[in-house]
Amino acid sequence: MKFLIITHVKHKLKVEAISAYAPYVREMNIWLKHVDDVIILAPKTCDAIDSLDLNYQHNKIQFKPIKHIQFTSLKTIVSSLFKLPSILISIYKEIKKADHIHLRCPGNIGLLACIVQIFFPKKIKTAKYAGNWDPKSKQPLSYRLQKWILSNTSLTKNMTVLVYGQWENQTKNIKSFFTASYFDSEKKKPEIRSFSQTLKFAFVGSLVSGKRPLLAIKIIESLYKKGHNVRLDLYGAGDLEEELQQYILDNNLGHIAMLQGNKGQQVLKEALKKTHFVVLLSKSEGWPKAVAEAMFYGAIPISTSISCIPFMLDHGKRGLLVEPNLKTATDKVASYLNKVEVLEEMSKLASKWSQKYTLDVFETEIAKLLG
């Protein structure tokens, strides 16, 4: 089988290695176990390879670069419009030669591929929509257009679209799916936390405005002022790093809020085993791996009610759903901190649910999709 991947993810080439953002490549390497030949159609970057990158694993793989496009300013819009014809031609040529087409959405390249695939109704296709599939959510026009094309079975034929969460009134080609991080062999009964000692909170993700890390710090600050023994560790890096560090210094919070930077998977795993709560207050998500990974080890999520998170948390039975508001979020979290039996049950339910979605199960489902 000649397997074609079309994605907006930027790739790095060094000698014979092809690498990209590790969580994405880690998942794609599972797909690639079940195909003969691989072609990757994606933008190329000359940035240095770092700890967040991972190499593809396959002995017959070709990388075919296409231009990167974006529409964030007048300059980039004009530049991108000139690039469109060559990108569309490349997508058309590669789809024509492939046996199975795999689209990664949402993204600008994904949108172009969604349009081109319409002209190949007999080709077998899958699309991974890694964003928020919630039909009621407010999203950019390009995202809404991709969702409309992918779910329109008159335009899109022979396509299975993998989405996060379970949504009503979906077309027959939409399949609820998941992402996994751990193997069956890593399943363990979670450590029993003591909720009478220091309560450990963790933020795992990019330090950017869309993730609201400052709100996470302020909630911990408010809980501390209410007399709770709490501590927050923030794992990740991003544009807000200096601002967050300054806020911690200005408000003398260094003893309860600490920036830990980017850490490897093993370090995070050990931290999550002892963490009481993981905080995710994002404005938008697809499948939040940080939440699923924390739940795997019994950490209780505190999250905004976006995308598939209510489904993951069983609408509050496996974690706390909060509004992105300092007072209401703090009050809700504080109201649970003395309910030890409730929290212990949440921890057990979170772990039991997350441990159903392992890499072993994921690979089995991928193999079914590839026939």
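Helix 1 and helix 12 cross in the right-handed sense. The contact involves Glu27, Ile30 and Trp31 on the side of helix 1, and Leu359, Phe362, Glu363, Ile366 and Leu369 on the side of helix 12. Of these residues, six are nonpolar and two are charged, while none is polar. The model described here is a predicted one.

Two packed helices are described by the angle between their axes and by the distance between those axes. For helix 1, which spans residues 22–32, and helix 12, which spans residues 359–369, the angle is about 50° and the axes lie 9 Å apart. Angles under 35 degrees count as roughly parallel and those from 65 to 115 as roughly perpendicular; helix 1 and helix 12 are therefore classed as oblique to each other.

Three strands form an open sheet in the order 2-3-5, and their pairing is antiparallel. Strand 2 (12–14) and strand 5 (53–55) are the edge strands, each pairing on one side only. From one strand to the next, the twist averages 30°. In general, the strands of a sheet pair through backbone hydrogen bonds, in either a parallel or an antiparallel arrangement. Between strand 2 and strand 3 (residues 17–21), the antiparallel pairing extends over three bridges. Within this part of the sheet, Lys14 stands opposite Ala17, a residue of strand 3.

Several features of the backbone are found in loops. The peptide bond that links Cys105 to Pro106 is cis, and its omega is near 0°. Pro106 belongs to the loop between strand 7 (100–105) and helix 3 (108–117).

A positive phi is found at Asn169, where the value is about 60° although the residue is not a glycine. Asn169 lies in the loop that runs between strand 9 (159–164) and strand 10 (174–177). The relative accessibility of Asn169 is 79%, so the residue counts as exposed, the cut-off for this class being over 50%.

Asp314, likewise a residue other than glycine, has a positive phi near 50°. The position of Asp314 is in the loop between helix 9 (309–312) and strand 16 (320–322). With a relative accessibility of 29%, Asp314 counts as partly exposed, because this class covers the range between under 20% for buried and over 50% for exposed.

Notes: Residues numbered from 1 in each chain as written. Predicted model: local features only at pLDDT ≥ 70, side-chain atom pairs only at ≥ 80, totals over all residues. Heavy atoms only, no water. Pairing = 2+ DSSP bridges. Helix = DSSP H or I, 4+ residues; strand = E, 2+ residues; numbered from the N terminus. Axes fitted to C-alpha atoms, helices over the stretch in contact; angles between N-to-C directions. Buried < 20%, exposed > 50% of the residue type's maximum accessible area, 1.4 Å probe, protein only. Parallel < 35°, antiparallel > 145°, perpendicular 65-115°, else oblique. Left-handed = near helix turned anticlockwise from the far one by under 90°. Contact = heavy atoms within 4.5 Å. Nonpolar A, V, L, I, M, F, W, Y, C, P; charged D, E, K, R; others polar.
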